[in-house]
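Here are a few notes to read alongside the model. Please keep the viewer open as you go through the points.

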Amino acid sequence: MTAVATPSAASTALYDIPGPLARRRHLLYGAVATVLIAALVAWVVYLLFDTHQFTAQKWDPFTYKGIQELLLRGLGNTLKAFAYAAVFSLALGGVLATARLSAHRPVRWLATLLVEFFRAMPVLVMIFFVFVALKVQPLPALVTGLTLYNGSVLAEVFRTGVNTVDRGQREAAYSLGMRKTQVMTHVLVPQALRAMLPTIISQLVVALKDTSLGFLITYEEFLHAGKLIAGNLDYGLPFIPVVMIISPIYIGMCMLLSWLAHWVAKRQRRSLKTEAVEVAAAEPGTLLPGAGEHQPRIPHSPDGPKSVE
Amino acid sequence: MNVLTDNLSLYGKGLLGTVELTVYASLLALVLGFLMASFRVAPVGSLRAFGTVWVTVLRNTPLTLLFFAVLLGLPRFGVVLPFQLFAVLALGCYTSAFICEAVRAGINTVPTGQGEAARSLGMTFTQTLGSVVLPQAFRSVIPPVGSTLIALAKNSAIAGSFSVTELLGTYKTLNELGYSIIWSFVWIAVGYLIVTLTISAVFNVLEKRWGVAR
């Protein structure tokens, strides 16, 4: 099993190292695919021009200071909702995880019930419930919904993290005479947090993306500001220009955070402090709701477990 | 309590709408996701780049923004389709990025030796893929695909706010009819639990049957 690093398909079970003939064939496929993709892009650009999306009338509004401020205010509100949701869901996640790891059975059951319920519910149902039934302002409703959902998922992430720390660590700590709380706070949790940091950040990306749900309950966030501009007849209903301005900013923010998760994952994997625990991949928590704790993990795959439970 | 019995047909229609959205979007997501995964492991550079861009962009797009762009933006191109189809398109494309990553991760968990052994037995590319690599990848892909599809079912609630008939949207009608909001939400929650727990159960059975015992 010599490590062969071909430029195209490094260490995959799918291909041999391509010979001259195969390389030529791949080059041909590449050329055809490039032409097809270029044609697709060209067609989209043509459509954009054909439907007059680049006329001055539709782009003019973005030069006005008022509109720029409207967009910035929207962005600020999005970030504000995200900040609240992130802090609260980390806190809730910590509490629920502690409860699920508790030695008292009723506490454990209650926490399990809550976590499973909130994870099985669409976030939007919770947000709407708080907004419509409890008649709360949009921002608290949005933050509550996001907190309940992401907090429950984070609780599972924390718990998985604690459970994946090598058993020897726990046993060694107990045999030193530490009590359960000490074992947790001094031994297990620090290692678990390190290992789960990529997953935690990835879950925060989910929270950031979901702040856009505030749009549906008329919270004045980024997308809402966009809608206001897009629905303006004076500017010729600039839906496409608005999407073209908003999406790169939104996607850019999420990408930046995702990238941070990947960077952290790489860094933690190299760290000496994660030797007794496997660093999770930078993916949001994805455990099937209702599934027990006995799902197979994928051990020692090149970059950590792919399915984070 | 009588919210449910009085409005059984309304709830039924909503639940059916959610199930339809979920099923159609799942099919689209599975097909597109598989296609994109094959692009991402292909020996052709431009296809790999296309797959990577597709996955990176869609995974980092808020679904509401995608709905906004597809349901309100595409009609500006003169594309006029029923809202439900638009919703399936948005949901399916969004989820396909996650399916793609799950499938790709599954393929990557198959040890290199398996493919090498298959090839050294003289198997062709199709044979290697079809009878050695994919069956093994399939096993480790079951749980992540399951949770992705559950996420899809939950995400379909967004469609309700874009005038597609589905479960969450029923609260509006019930609210106007003057029923207790809390109870109408309780039954909506039960509906979603039925959908998500069914998918979860199906995938747990699949997992028991074909999952890798490790």
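**Notes on the two chains**

1. The buried residues of H9(B) are covered by, among others, H5 of chain A and, from chain B, helix H1 (2-6), helix H2 (8-40) and helix H10 (181-210). Helices here are DSSP runs of H or I with at least four residues, strands are runs of E with at least two, and both are numbered from the N terminus. Two residues are in contact if their C-beta atoms, placed from the backbone, lie within 7 Å.

2. A word on the source: this is a predicted model, in which local features need pLDDT of at least 70 and side-chain atom pairs count only at pLDDT 80 or more, while totals for chains, interfaces and linings use all residues. Residues are numbered from 1 along each chain as its sequence is written, and chains are lettered from A and ligands numbered from 1 in the order in which they are written.

3. Which residues of H9(B) are buried? They are B:Thr170, B:Tyr171 and B:Leu174. These residues lie on the same side of H9(B), because they cover an arc of only 95 degrees around the axis. The arc is that of the directions from the helix axis to the C-beta atoms. A residue is buried if 20 or more other C-beta atoms, placed from the backbone, lie within 10 Å of its own, exposed if 12 or fewer, and partly exposed in between. After H9(B) comes B:Gly178, with a positive phi near 90 degrees.

4. Now for chain B as a whole: ten helices and zero strands. Of its 214 residues, 55% count as buried. Its C-alpha atoms fill a box of roughly 70 × 45 × 20 Å along the principal axes. Among contacts in chain B with a separation of 6 or more, 77% are between residues 24 or more positions apart.

5. At the interface, 56 residues of chain A are in contact with 61 residues of chain B. On the chain A side, helix H1 (20-50), helix H5 (123-133) and helix H10 (239-270) each supply at least two residues, and H10(A) gives the most, with ten.

6. Two backbone angles deserve a look. Most residues other than glycine have a negative phi. A:Thr218, however, has a positive phi near 60 degrees; this residue sits in the loop between helix H8 (180-210) and helix H9 (222-230) of chain A. B:Ser163 also has a positive phi, of about 50 degrees, and lies in the loop between helix H8 (157-160) and helix H9 (170-177) of chain B. B:Ser163 is exposed, with 11 other C-beta atoms within 10 Å.
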